[in-house]
Amino acid sequence: MIVIDGWSDGKKHANVGGDRKCRFYCNCLARLGEMKIRKIFPLETNLFVQQPTPAPHSPSLTRQEKQRGQIVVVTGVKLNPTETGIELILQTPTGEAELLQPNNVSSGNNFIVEIPNTQLQLPNSKPFRQANPIEGISEVTVTNIDANTIRVTVTGETAQPQVELFDSDQGLIFGFTPTQQEIVSIDRVQLNQTETGFEIILLTPTGTAQQLRVVNISEGNNFIAEIPNAQLKLPDGEPFRSENPIEGVSEVTVTNQNENTVRVIVVGEEKQPTVELFDSEEGLIFSAVGDAPSARGEEDIELVVTGEQDGYAVPNASVGTRTNTPIRDVPQSIQVVPRQVLEDQGSVTLTDALRNVSGVTTATGVTSSIRETFFPTIRGFSSGFDNFSVDGTSRTLAFGGRFGLNNVEQIEVLKGPASVLYGSGEPGGTVNVTTEQPQRDPAYEIEGVIGNFDFYNPSIDLTGPLNADRTILYRLNLAYENSGSFTDFSNLEVLEIYPVMSFQLGENTKLTLDVTYNTASQKAPPSGLPAEGTLFPSPFGEIPRSRFIGEPDFDELETSYVSAGYRLEHRFSDDWSLNNRFLAAFAEDMGRGVFGGRQDDGRTYNRTTSIFKETTQAYTLQTDLIGQVQTGIVRHDLLFGVELSWFRLSGEGFVPEGENVYPIDIFNPVYGADIPPISEFDIPDRDDYSETNAIGVYVQNLLSIGEQVKILLGGRLDWSETSTDDNIAATSSSDNSTDFSPRIGIVYQPIEPISLYGSWSRSTLPQTGLDREGNPFVPITGEQFEVGVRAELFDDRLIANLAAYQITRQNDRVDDPVDPENFQIQIGERRSQGIEFDLSGEPFPGLRLIATYAYTDSIITEDTTANEGNRALNVPLHSGSLWAVYEIQEGDLAGLGFGAGLFIVGERPGDLENSFDLPGYTRTDAVLYYRRDNWRVQLNVNNLFDVEYFESSAAREFLNYGAPFTIRGTVSVTF
C-alpha cells in the first residue's frame with residue numbers, strides 16, 4: 001500500500017450498495033505508463049494533475065540535494081484568464097520550477113499553499129495582490145511569510161476553487177476554476193469493522209457522493225478531513241462520535257464545522273491512522289487502519305506505481321519506441337487491443353484479437369487448426385517470423401502455431417516498417433504482445449470455459465509477493481484446452497504454463513525471470529478444400545465445410561515451444577536507465593499427414609504421405625540505454641541499443657518406400673487407406689539446415705520542442721551472416737549483409753487532445769541464395785510514407801486515429817524468365833496504399849466500444865509472370881469492425897453487461913493469378929455477462945447467424961472456411 005500524506009491508493013473493497021471508486025490524493029508525474037509520485041500535498045480528487053517538464057540534466061547534484069540547499073527566487077507573478085478560470089504563474093529561472101514543493105494548508109473557501117525554500121522578489125518589492133480577478137474568486141495573493149517561504153492564497157466567493165498544478169519553463173503554474181457551492185446532505189453516518197480496521201460511511205442521497213470535496217488538514221496523531229460543501233443532518237441532530245472503535249484509534253468524530261463544512265477526525269493513540277477514501281452509490285467511505293505509520297513529515301519520496309490495463313482506451317504503448325511512450329507522441333500508426341477487449345469478446349487466439357485492428361486480415365492459416373497462424377497480413381503484406389515479439393523481444397519461430405492469450409495484458413500493432421527498432425522484417429507492420437506481470441497485492445483467479453464442438457478451457461492466474469517486504473513477486477498462469485472442431489475428426493489439445501518472478505534488488509534495480517512452456521497436439525488437423533464444390537457449383541454436389549480429406553487415424557501435428565530469459569532494469573537517475581534482456585527459445589514442430597491434388601475427373605484426390613520435423617533454436621541478447629536530456633526548450637528522449645541474435649533451423653522429411661498414392665473421393669470419402677507404419681518412412685525428401693547470426697545497433701531521439709512539436713529520428717545498422725545447407729541436393733550457400741534502416745517523423749499538437757503527424761520509414765529483409773549468374777541476392781526493402789491525425793477525446797476516454805499511407809516493397813524474388821524452374825531474379829515489386837480508421841474507448845460510463853475501417857489497395861507492380869497488376873492474395877479493398885458493450889452501472893442490475901459486434905471483410909483475391917475472388921462476409925458476435933463482487937459469468941456467441949464464409953485461401957485447391965455458429969460460456973472467480 002502506498003501512503004501519501006495520510007492518503008493511500010488502496011484497492012477496491014467489498015461493495016457497499018454498489019461499486020466504489022478509490023480517490024488517489026497525490027501529485028502525479030505521468031510518464032511511460034507508470035506514475036512517478038512526488039510527495040507534495042493532498043488535494044481534492046481529480047483537481048491536481050502535473051504535466052512534467054524536466055529540468056536540464058545535472059550530473060553533479062540530484063533533485064533532492066538541490067532542494068535542500070537552494071532558495072528558488074520567484075522573480076515575477078502573472079495572472080492570466082483561461083477558458084475555465086484563471087492561471088497564476090510564479091516565474092522562476094529556467095528548470096527550477098520542479099524544485100518548488102508546495103504544502104497544502106487550505107481551509108474553508110480559501111485555497112492556501114506554502115512553498116518553502118522560496119523567496120518572492122518582485123521589481124516593486126511588494127507582495128502580489130489581485131481583487132476579484134474572475135467571478136467566483138474574490139482575491140488572489142502571493143506573499144513572503146518568512147525569510148524562505150512563500151504563501152499563495154486564492155479565496156473563493158462561495159467555495160474553494162478547483163486547482164491544477166503544472167511545471168513549465170516559465171515557472172510553477174496554478175490553474176484555478178471557480179467552484180459553485182452545492183451543499184450535499186449527509187443523512188447518516190455508519191461505522192463498520194473491516195479485516196484491517198474499520199470504515200466510516202457518510203451516507204448521502206444516491207449519486208451525490210462524488211460531489212463531495214475533501215481537503216486533508218491532518219496533523220500529529222490526528223487524521224482530519226474537511227468537506228467544505230456538506231452538512232451533517234443526522235436524525236437526532238447531534239454530531240457523530242465513536243470511542244475506541246479499534247486498537248490504536250481512540251476516537252472518531254463527524255461534526256459540522258460551520259454552515260457548509262463537515263469535519264471528520266480520526267484520533268490515533270500513538271500514530272496517525274492510515275486512511276483510504278472511496279466513492280460508493282450510498283456515500284463517501286473513509287477506510288482506516290489504526291496501526292499504520294503516518295506518512296506526514298517524511299522526506300520527499302519517489303515511488304513507482306504499476307497496474308494492469310483496464311478499459312478499451314490505451315494511451316501508451318512500447319511497440320513504437322521501445323519505451324512506454326504516449327502513442328500521441330509517436331508519428332506512426334499504433335493500435336492496441338487491451339485485456340478488457342479480449343475478455344469481453346472471449347478471444348482464444350491472436351487471430352481473434354487482431355480482428356479489432358484496421359488493415360489486419362487473416363493470412364493463409366486454417367481456422368480451428370494448430371496451424372492457425374499468428375503471422376497476419378498487415379497493410380497488404382504478410383508479416384513474417386521477425387514481425388512478432390513478446391514484451392519487446394522477437395519471438396522468432398520457423399512455423400506458425402497456436403499462441404494463447406491467457407497471460408496477455410495487451411496486444412500492440414505498429415503499422416508499417418519497424419526495422420529501425422526490431423531489425424529485419426516485412427514492411428506491413430509488427431505485433432508486440434505485452435504479458436501480465438507479477439503484482440504486489442495477492443490475487444488469484446480461476447476460470448473455466450466450455451462451448452460447443454467439445455470446447456473445454458480451464459485456467460488459473462496466481463500472483464502476489466513471496467516475502468514480507470514484497471521485494472520478491474511471482475505470477476503463474478496455467479491454461480489447458482481440449483477442443484473439437486467443425487471439421488470432422490479433428491481434436492486439439494493445448495497446455496500453456498507461464499511462470500514469472502521479479503526481484504527488487506534495490507531501490508533502482510529490478511530483475512525479472514520468465515519462462516514459457518507451450519505444447520499442442522492435434523489429431524486430424526483441418527486442411528483447405530477446393531473451390532469447386534464449395535465456392536463454385538460442381539456436378540458432383542456440394543462439399544460440406546466439415547469435410548476432412550486426410551486420414552483420421554494418421555494425420556497428426558505436434559508443436560512445442562519453451563523459452564527462458566531474464567529482464568534487468570536499472571535506473572541510474574531520474575533521467576537515465578538501462579534495460580537488459582536475454583531470451584533463449586526452443587521450438588519443435590512435428591507432423592505426419594496425407595496431402596493431395598485433384599485428378600482431371602474433378603472428384604478424386606491423389607494423396608501422398610509424408611512425415612516431417614522442424615526444430616528451431618533462437619537466442620537474443622538486447623540492451624537499451626534510455627535517457628532524457630534538456631537543451632533549452634528542447635527535451636530529448638534518447639534510446640541507444642544493441643541487439644545480438646543467433647538463429648538455427650533444421651528440417652527433415654521422410655516418405656515411405658514404394659508406391660505412395662492413396663486416392664479418395666472428396667464428395668463421398670471412404671477413410672482407412674492402407675498407409676505403411678511410421679517405421680517404414682525412411683526415404684528422405686527433405687534435409688536442410690540454416691543458421692543466421694546478426695548484430696544490430698540502433699539509436700533514436702524523440703525531440704519535444706515546447707509543448708506542441710515532437711520530432712522522431714532513428715536509425716539502425718544491422719550486420720548479418722546467413723548460411724544454408726541442403727543435404728539432399730548437396731548444395732550450400734552463405735551471405736553476409738549490412739543494412740541500414742532509418743526513420744523520421746514529426747508530430748504537431750495544435751491543442752492537447754489532437755496530434756497531426758507524418759513519417760517516413762524503411763525496412764530490410766536479408767535474402768540467401770544465388771541468381772543464375774552466381775550473384776548473391778540483396779535484401780528485400782520496404783518503404784512507407786504515412787500521414788495521420790490522432791485524437792484523445794472525452795478526457796482521454798475515447799481515442800481515434802485516422803491514417804493514410806503508401807508502402808512499396810522492392811527486390812522481391814520472382815521466377816527467372818530464362819530458367820524459371822531453377823532460378824529466380826530480384827525485380828519483383830509490390831505497392832500497398834490505403835486509409836485506416838480506428839476508434840476505441842469508453843465515451844460514457846458503462847459504454848465500451850472499438851471500431852475500425854480500412855481501405856487497402858495492394859497490387860503487384862512488377863513481375864516476370866502474368867501476375868503483374870494483380871491484387872495481393874487475401875487482401876480486401878474494404879474491411880472493418882464495430883464492437884460495443886454496455887454495462888449497467890447502478891441499481892439492482894449493476895454489473896449486467898451485454899454487447900454485440902460486426903466483423904466485415906470485403907471481396908479479396910483467392911489466388912495470385914486473381915482467377916477468382918473469395919466473397920465478402922459479415923460476421924456477427926455477441927456477449928452477455930453478469931459480474932458481482934468477485935464472480936463473473938459470461939456467454940459469448942460468435943457467428944450468431946451461422947453465416948457460411950471463407951476465412952482465407954492459399955490457392956484454388958485450398959480454401960479455408962470460417963467457423964460456424966459457436967457458443968461458449970465462462971465462469972470465473974477471483975479472490
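## Rings, charges and a nonpolar patch

The protein has four helices and 65 strands. Helices (H or I, at least four residues) and strands (E, at least two) are DSSP runs, numbered from the N terminus. The model is predicted: local features need pLDDT of at least 70, side-chain atom pairs count only at pLDDT 80 or more, and totals for chains, interfaces and linings use all residues. Residues are numbered from 1 along each chain as its sequence is written, and side-chain values use heavy atoms, with hydrogens and water left out.

Of the 975 residues in the protein, 54% are buried. Buried means under 20% relative accessible area, exposed over 50%, and partly exposed in between (1.4 Å probe, protein chains only). Among contacts (heavy atoms within 4.5 Å) with a separation of 6 or more, 65% join residues 24 or more positions apart.

**Aromatic pairs**

Rings of Phe, Tyr and Trp (its six-membered ring) pair if their centres lie within 6.5 Å; planes under 30 degrees apart count as stacked, over 60 as edge-to-face and the rest as tilted. By this rule there are 16 aromatic pairs. In one of them, the ring centres of Phe111 and Phe176 are 5.6 Å apart and the planes stand at 70°, so the pair is edge-to-face. Phe111 belongs to strand β10 (residues 110–116) and Phe176 to strand β16 (residues 171–177), so the pair ties together parts 65 residues apart in sequence. Both Phe111 and Phe176 are buried.

Phe950 and Tyr961 have ring centres 4.5 Å apart and planes at 25°, so this pair is stacked. Phe950 is in strand β63 (residues 950–955) and Tyr961 in strand β64 (residues 958–961), eleven residues apart. Phe950 counts as buried because its relative accessibility is 5%. Tyr961 is buried too, at 4%.

Ring pairs also link Phe111, Phe174 and Phe176 into a cluster.

**Charges over rings**

A charge sits over a ring if NZ of Lys or CZ of Arg is within 6 Å of the ring centre and within 35 degrees of the ring normal.

| Charged residue | Ring | Distance from ring centre |
|---|---|---|
| Arg936 | Tyr929 | 4.2 Å |
| Arg968 | Phe455 | 3.9 Å |

**Surface patch**

Leu802, Ile835, Phe837, Tyr853 and Tyr855 make a nonpolar surface patch of about 400 Å². Patch residues have over 30% relative accessible area and no salt bridge; nonpolar side chains (Val, Leu, Ile, Met, Phe, Trp, Tyr) are joined within 5 Å. A salt bridge is a side-chain nitrogen of Lys or Arg within 4 Å of a carboxyl oxygen of Asp or Glu. Accessible areas come from the Shrake-Rupley method with a 1.4 Å probe. Strands β55 (824–844) and β56 (847–862) each supply at least two of the patch residues. Tyr853 lies in strand β56. Its relative accessible area is 34%, so Tyr853 is partly exposed.

Note on methods
Patch = residues over 30% accessible without salt bridge, like charges linked within 9 Å, V, L, I, M, F, W, Y side chains within 5 Å.
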